[in-house]
Amino acid sequence: MHPILKLLVQRIALGLVLLLAVSAVIFLGVEALPGDTAQAILGQSATPQALENLRAQMGLDQPALTRYFNWLGGVMTGDLGKALTNGVDIAQAIGQRLGNTLFLAGCAAVIAVPLALILGAVAARYAGRWPDKVISAVTLTTISLPEFVAAYFVIYLLTIVFPVFQPVAIVFPGMSFWAKLQAVALPVIVLVMVVLAHMMRMTRAAILNVMQSAYIETAELKGLSPMTIIWKHAFPNAIAPVISVVAINLAYLVVGVVVVEVVFSYNALGQYLVDHVTKRDLPVVQAVGLIFAAVYIGLNIIADVTSIIANPRLRHPK
Amino acid sequence: MSEKLDWMVARARAGKMNRREFIGRTTAMGVSAALASALFTKAAHAEAKKGGTIRVGLAGGESTNTLDPALAASVVPQVGNAQWGEQLVDMKPDGTIDFRIGEEVSSSPDSKVWTFKIRQGVTFSNGAPVTAEDVLATFKRHTDEQAQSGALGIVKGITDMKAEGDKLTLTLDAPSADLPYLLTDYHLIIQPGGGYDNPNAGIGAGPYILETFEPGVRYVLQKNPNHWDPNTGHADTVEILSINDNTARTAALQSGQVHIINRIDPKIAQLLAGAPGVEVRRAVGRGHYVFIMHVDKAPFDNNDLRMALKLAVKREEMVEKVLGGLGSVGNDFPINAAYPLFDDSIPQREYDAAAAKAAYDKSGHDGSPIILRTAPGAFPGAVDAANLFAASAQAAGIPLQIQLEPDDGYWTNVWNVQPFCASYWGGRPVQDQMYSTAYLSTAEWNDTRFKNAKFDELLLAARAELDETKRKADYSEMAHIVRDEGGLILPMFNEFVAGIRSAEIGGWVDDPNAEMMNYRAPSKCWLV
């Protein structure tokens with residue numbers, strides 16, 4: 001077996017084990033909360049008899065281990081149960097919301113990742129000179145702004161002063177792709193502002209690191225232009241740390257943008273989770289928690305594997 | 001002059017001037033009151049424009065919402081339901097009954113048995129006719145504990161229901177002249193078969209038909225071509241967006257993404273009113289902010305001391321500084337002009353340092369500090385209001401002191417427990433319900449411990465009284481009793497503050513019954 005293939009299988013297996021562990025932790029966390037699902041449904045009107053009936057009906061009278069495996073079995077087959085608050089099928093509700101989350105994250109990533117890499121390379125090329133300083137200053141400023149401040153700022157600038165976009169980013173099925181892009185323009189701008197600096201700084205640092213190597217000196221002596229050296233010789237060798245930072249930021253774009261979603265009324269997973277946490281709708285919280293964990297673990301596996309593949313020493317073992 | 005008159009007629013036609021304002025301003029120009037009234041009636045009934053899409057952006061929607069009218073508890077579902085649903089009866093902005101599915105009503109002389117005639121030829125959006133049986137089944141479902149209806153307290157007093165042909169007869173456990181008003185509750189939307197099969201079906205007899213519902217995101221509704229009432233449902237399509245963030249909602253109105261928004265922050269209302277194309281509309285509601293004293297506990301068991309405190313409130317200042325001017329002064333009884341049968345001849349209580357001092361001296365209070373408990377969550381601006389109160393009371397020589405309490409547990413440890421604290425009340429549709437909830441001797445939530453035999457007698461007499469003049473006199477007397485002897489200090493009523501794109505929206509009326517023109521703005525307004 002090729003060592004890379006072996007590594008790949010190992011990582012994926014590890015990821016699955018991790019996900020299983022996370023599912024157990026989520027289940028235990030919800031179990032540890034005072035009261036149970038039946039009490040949450042019945043609320044003030046709970047009588048002992050009604051509680052007992054509902055528990056039997058929902059299988060809550062079974063031991064915790066049995067319920068955990070039942071829940072896990074449901075998750076495996078795509079059955080996440082029904083929301084307590086409004087009886088909507090969770091898998092269906094999440095399906096659409098997850099699509100919106102990924103759409104927003106995707107749009108932001110498509111702009112932010114190439115932009116960060118290019119700006120990082122330019123900053124490295126002109127290290128210590130004015131383009132480097134301008135790029136660093138601007139991106140550090142945007143990352144330092146709290147998200148909601150940045151959001152209010154772009155709302156004011158781009159809907160009131162220059163009315164080019166809409167402040168409310170609600171998307172729905174049946175909207176054309178172009179209309180969707182227009183709707184999410186403002187949240188995408190805010191998210192790009194937030195994630196740009198981290199990736200840009202890492203690209204710059206990683207490139208500068210390999211710029212000290214002997215083979216770069218050789219390339220310079222060959223008379224190659226600085227930008228060619230960076231793209232052809234420095235960047236491929238600096239890519240591993242950049243990939244892991246990119247993966248962290250992509251994961252953040254999926255699971256960590258609830259503030260931006262709320263400000264722009266964007267109907268994605270974060271807002272859905274927050275609404276159900278306030279109403280103590282536990283099955284939904286469990287399901288969304290598991291999805292967020294899966295995204296995080298998945299992106300980290302991808303980052304791991306790509307940086308391994310990008311490393312020539314691992315790609316061509318002796 | 002005629003140019004100015006034309007302008008005012010145009011404003012009235014667009015719904016931007018109410019009858020009182022219109023008549024006041026035109027008579028000031030020398031037009032006779034009778035002519036002014038006729039002009040207004042003509043203008044206000046000008047043809048509403050049909051067609052287009054009205055978009056409304058509202059705070060108060062969650063992804064946990066449902067279509068079940070029994071469970072509606074926040075504004076987005078309330079407004080959404082009012083578009084696809086229709087009720088037996090509804091409130092008009094002037095506080096009279098708007099007959100909807102119920103065409104007319106009559107009662108037995110003791111106001112214990114009520115008969116509604118059901119409007120014929122009305123159909124649900126699924127094509128089935130609306131019958132007396134549907135109305136009966138709807139009320140029955142709301143009396144069922146399992147439905148968890150917010151209207152349970154209202155319908156549980158109905159002991160017997162009968163549907164015969166186009167008549168629905170309701171028998172009450174005790175006389176109530178207010179039953180039609182109580183049935184205007186927004187939960188009581190008529191559903192086919194009472195909604196027993198599927199309370200979340202979203203099938204009703206309203207001016208619009210539900211097309212899309214995404215909880216906490218949006219409603220899309222299309223005009224109901226078979227709706228019986230031509231005065232509602234003007235636009236072809238209504239879109240309701242749930243926008244909980246204040247800044248985004250305001251920006252959506254300013255940029256024209258929506259035509260109407262609710263809950264404008266008092267802090268920015270002034271600024272927004274100056275923005276182009278946008279108008280801030282205010283409706284005095286029935287909700288009020290209060291300081292409540294337990295009349296059975298020292299030192300508040302002394303009416304002179306209570307009167308001293310009532311006279312020591314600078315009400316105008318409080319409305320200005322705490323509500324940003326978006327409210328009106330209260331008069332120490334829980335009723336204002338938004339209620340039917342309100343007596344506007346009761347004199348307004350004003351700040352009077354000398355009279356307060358005199359009443360305080362007469363009470364013989366020993367000069368020890370009088371403690372007023374408050375918390376940020378008692379009502380928005382409660383701490384500021386309490387500080388203003390303390391300052392004006394101290395200026396009158398009354399040793400009033402503030403004690404700040406934490407929000408956590410305020411409603412269990414302070415309200416209804418401590419003898420003097422800040423609190424709030426939402427309004428009720430009628431005076432009887434408001435007084436019965438908190439001022440009757442036996443009321444569960446009698447948070448001033450007010451027990452007055454004469455008051456109780458008047459309340460029960462008024463409840464069964466069908467003669468409106470007599471009822472009004474009873475309510476006036478009750479108001480005087482609470483105002484002059486009660487433990488209630490009521491400095492201000494709050495307002496519903498909405499924003500509309502004034503050049504695009506016609507038909508807006510400042511409705512005191514509830515937010516968003518009693519939740520019906522999307523179907524009662526039209527696109528100009």
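**View 1. Strands β4(B) and β5(B) run antiparallel.** In this predicted model, 5 bridges join β4(B) to strand β5 (residues 113–118) of chain B, and these two strands run antiparallel. Two strands pair if DSSP finds at least two bridges between them; strands (E, at least two residues) and helices (H or I, at least four residues) are DSSP runs, numbered from the N terminus. The bridge partner of B:Gly102 in β5(B) is B:Ile118. Residues are numbered from 1 along each chain as its sequence is written, while chains are lettered from A and ligands numbered from 1 in the order in which they are written. Local features need pLDDT of at least 70 and side-chain atom pairs count only at pLDDT 80 or more, whereas totals for chains, interfaces and linings use all residues.

**View 2. The open sheet of chain B has 4 strands.** The strand order is β4-β5-β7-β6 (chain B), with antiparallel pairing. At the edges lie β4 (102–107) and β6 (158–164) of chain B, each of which pairs on one side only. Neighbouring strands of this sheet are turned by 20 degrees against each other on average, direction ignored. Helix α5 (residues 132–143) of chain B lies across β5, β6 and β7 (167–172) of chain B, and runs at about 160 degrees to β6(B). Axes are lines fitted to C-alpha atoms, for helices over the stretch in contact, and angles run from 0 to 180 degrees between N-to-C directions.

**View 3. Helices α6(A) and α9(A) pack against each other**. Helix α6 (residues 130–144) and helix α9 (residues 185–210) of chain A pack at an angle of about 135 degrees, with their axes 7 Å apart. That makes α6(A) oblique to α9(A), since angles under 35 degrees count as roughly parallel, over 145 as roughly antiparallel, 65 to 115 as roughly perpendicular and the rest as oblique. Residues making the contact include A:Ile135 and A:Leu140 of α6(A) and A:Met193 and A:Leu196 of α9(A); two residues are in contact if their C-beta atoms, placed from the backbone, lie within 7 Å.

**View 4. Chain A touches chain B**. The contact takes 25 residues from chain A and 24 residues from chain B. On the side of chain A that touches chain B, α7 (147–161), α12 (258–263) and α13 (269–278) of chain A each supply at least two residues. By class, this side of chain A has 13 nonpolar, 9 polar and 3 charged residues, where Ala, Val, Leu, Ile, Met, Phe, Trp, Tyr, Cys and Pro count as nonpolar, Asp, Glu, Lys and Arg as charged, and the others, Gly among them, as polar.
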